[in-house]
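Work through the exercises below with the model open beside you. Each task is followed by its solution in steps.

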Amino acid sequence: MKILSSQQLRDADAQTLTAQNISSWQLMERAATKLFDWIKQHCSKKETFTILAGTGNNGGDGLALARMLSADGWHVTTYLLRFSDHLSPDCQQNKTLLEQQGITITEIQAEQASQICFEKVVIDAVFGIGLSRPAPIWLQQLFQKLNDSNSHIISVDMPSGLPTDRIPSHEEIWVHPHQLLTFQTPKLPFLLPSTGKYIPHWEVLDIGLDTHFLNTLQPDYYYLEPDILQLQHQRTKFSHKGTYGHALLIGGSYGKMGAVVLSGTAALRTGVGLLTVAIPECGYTVLQTALPEAMVLTCDEAKHYRAMEIPFAPSAIGVGVGWGTHPDTANALFSLLQQYPDTPFVLDADALNILSQHPEKVALLPKNTILTPHPKELERLIGKWDDDLHKLAKAKDFAKEHKVLLLIKGAYTMITNGEHYWVNSTGNAGMATAGSGDVLTGMLTSLLAQGYSAIKAACLGVYLHGLRGDEAAKKEGMSRLIARDLC
């Protein structure tokens with residue numbers, strides 16, 4: 001699913017009016033009908049509603065919804081917040097229709113805001129995607145009062161006061177909805193840590209924008225959906241273990257061999273035909289016991305990894321889990337990158353920390369190497385950022401400069417190749433547990449070894465990783481979930 005900017009959405013609206021020969025008011029009616037149908041399905045007529053409408057088209061959506069609910073016998077109190085002297089034409093038309101049907105609209109100026117009473121359910125339709133500057137102070141104060149109330153808040157298209165294309169300052173106050181009903185496509189702020197944490201539930205309502213035009217758009221962000229599972233290769237009847245690649249996992253140090261066990265288990269469970277792990281001597285018995293399906297190579301150091309000969313040509317290499325940053329280990333990483341310039345790599349954990357300590361060695365990364373940093377490792381790689389959008393811009397620049405894929409882990413893990421972002425839709429907070437990233441590294445390495453391109457491996461890997469997490473959380477509960485459940 002494409003994640004469109006506010007300008008792209010405005011263009012899509014305009015194209016839809018022309019292509020479908022409809023008026024903007026008719027498109028608004030279509031959107032309001034989708035809202036009305038959702039409310040009928042999810043809410044009870046026993047509940048009382050307050051609708052807060054602005055003076056623009058988002059307010060027009062709210063007034064159209066007020067008309068539909070009232071006509072169907074719902075208890076609705078409607079306020080028109082007059083932050084502007086002029087109503088958009090479609091908002092004005094819906095206001096006129098309400099008045100013609102004898103439905104009361106209470107118009108509120110700044111000095112009258114204290115008169116507003118919030119019913120059990122509040123529909124927030126004050127500002128939509130067009131907001132580019134902070135809301136007037138009196139409205140921000142009203143939003144704070146709403147956030148502090150006991151009402152169930154449902155926002156229309158955007159939480160009022162939250163801009164679509166920038167991060168609000170810490171001082172700005174915007175509506176924190178319990179449920180957000182957005183039109184046609186998710187908006188980027190829903191998916192960012194600083195803003196998304198205040199939007200626990202959102203749902204996309206398809207309002208039938210022109211499909212041909214939407215297909216021509218090339219946004220910066222895409223939202224991964226279940227269709228991505230169609231990328232999975234199907235096994236053929238006469239295949240054998242060599243058909244599905246030979247992965248090499250390199251990691252482990254004294255006290256951290258569990259990371260390699262988790263990563264190796266995930267690699268095998270994700271379908272790689274052969275797996276070899278290269279580890280320090282201290283992990284030999286652990287790996288041979290815990291992971292009998294894998295072959296084990298040990299270097300000549302007992303507790304940390306030192307460069308060693310790899311007696312086969314790996315299909316893909318995953319390196320860094322539980323590894324440590326000993327100088328011998330750092331030299332081993334640089335040697336690997338030089339020895340295998342055309343082999344797909346996944347770098348995680350301490351391999352990334354070593355790179356951060358030696359930024360001049362980033363140039364050794366083979367093209368399309370997948371890097372999987374957690375937030376602190378990402379900061380060490382790309383430097384500090386001012387806000388979420390600045391972080392994404394810096395990450396994208398890093399990926400483009402070094403021709404790598406960068407995964408930004410989080411509630412919505414994001415993948416960039418320096419040109420676009422793909423945003424994962426699976427996963428849950430139960431996956432915030434030790435070893436979860438080691439599992440992901442094994443899955444990604446396995447997919448690369450099986451012949452998936454780097455982008456397909458990254459997108460499919462993070463989606464499957466989150467999907468396994470969702471299945472495990474459903475079975476065990478989020479607080480009980482551990483990394484082994486993801487394997």
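Helices (H or I, at least four residues) and strands (E, at least two) are DSSP runs, numbered from the N terminus. The model is predicted: local features need pLDDT of at least 70, side-chain atom pairs count only at pLDDT 80 or more, and totals for chains, interfaces and linings use all residues. Residues are numbered from 1 along each chain as its sequence is written, and side-chain values use heavy atoms, with hydrogens and water left out.

**Exercise 1. The whole chain**

Task: State how many helices and strands the chain has, and what share of its residues counts as buried.

Solution: 
- Step 1. The chain has 15 helices and 18 strands.
- Step 2. Apply the accessibility classes: buried means under 20% relative accessible area, exposed over 50%, partly exposed in between (1.4 Å probe, protein chains only). Of the 487 residues, 55% count as buried.
- Step 3. Take the box along the principal axes. The C-alpha atoms fill roughly 85 × 50 × 40 Å.
- Step 4. Turn to contacts (heavy atoms within 4.5 Å). Among those with a separation of 6 or more, 73% join residues 24 or more positions apart.

**Exercise 2. The annotated binding site**

Solution: 
- Step 1. Gly410 lies in the loop between strand S16 (405–408) and strand S17 (414–416). Its relative accessibility is 45%, so Gly410 counts as partly exposed.
- Step 2. Tyr412 is partly exposed, at 22%.
- Step 3. Leave aside neighbours within four places in sequence. Tyr412 then contacts Phe190, Leu191, Trp202, Tyr223, Val423 and Asn424.
- Step 4. Check for a polar contact: a pair of N or O atoms within 3.5 Å; within protein, one must be able to donate a hydrogen and the other to accept it, and residues adjacent in sequence count only if both atoms are side-chain atoms. The side chains of Tyr412 and Trp202 make one, at 3.1 Å.

**Exercise 3. Aromatic pairs**

Task: Count the aromatic pairs, and classify the pair Phe190 and Trp202.

Solution: 
- Step 1. A pair of aromatic rings is described by the distance of the centres and the angle of the planes. Rings of Phe, Tyr and Trp (its six-membered ring) pair if their centres lie within 6.5 Å; planes under 30 degrees apart count as stacked, over 60 as edge-to-face and the rest as tilted.
- Step 2. By this rule there are ten aromatic pairs.
- Step 3. Phe190 and Trp202 have ring centres 5.7 Å apart and planes at 45°, so the pair is tilted.
- Step 4. Phe190 lies in the loop between strand S7 (179–183) and helix H6 (193–196), and Trp202 in strand S8 (residues 202–205), so the pair ties together parts twelve residues apart in sequence.
- Step 5. Both Phe190 and Trp202 are buried.
- Step 6. For Tyr222 and Trp422 the centres are 6.4 Å apart and the planes at 20°, so this pair is stacked. Tyr222 is in strand S9 (residues 221–223) and Trp422 in strand S18 (residues 421–423), 200 residues apart.
- Step 7. Both partners are buried: Tyr222 at 18% and Trp422 at 15%.
- Step 8. Ring pairs also link Phe190, Trp202, Tyr223 and Tyr412 into a cluster.

**Exercise 4. Ser446**

Task: Is Ser446 buried or exposed? Which residues does Ser446 contact?

Solution: 
- Step 1. Ser446 belongs to helix H14 (residues 436–449).
- Step 2. Ser446 has a relative accessible area of 0%, so Ser446 is buried.
- Step 3. Beyond neighbours within four places in sequence, Ser446 contacts Ala267, Thr270, Gly271 and Val272.
- Step 4. A polar atom of the Ser446 side chain lies 2.8 Å from the backbone oxygen of Ala267.
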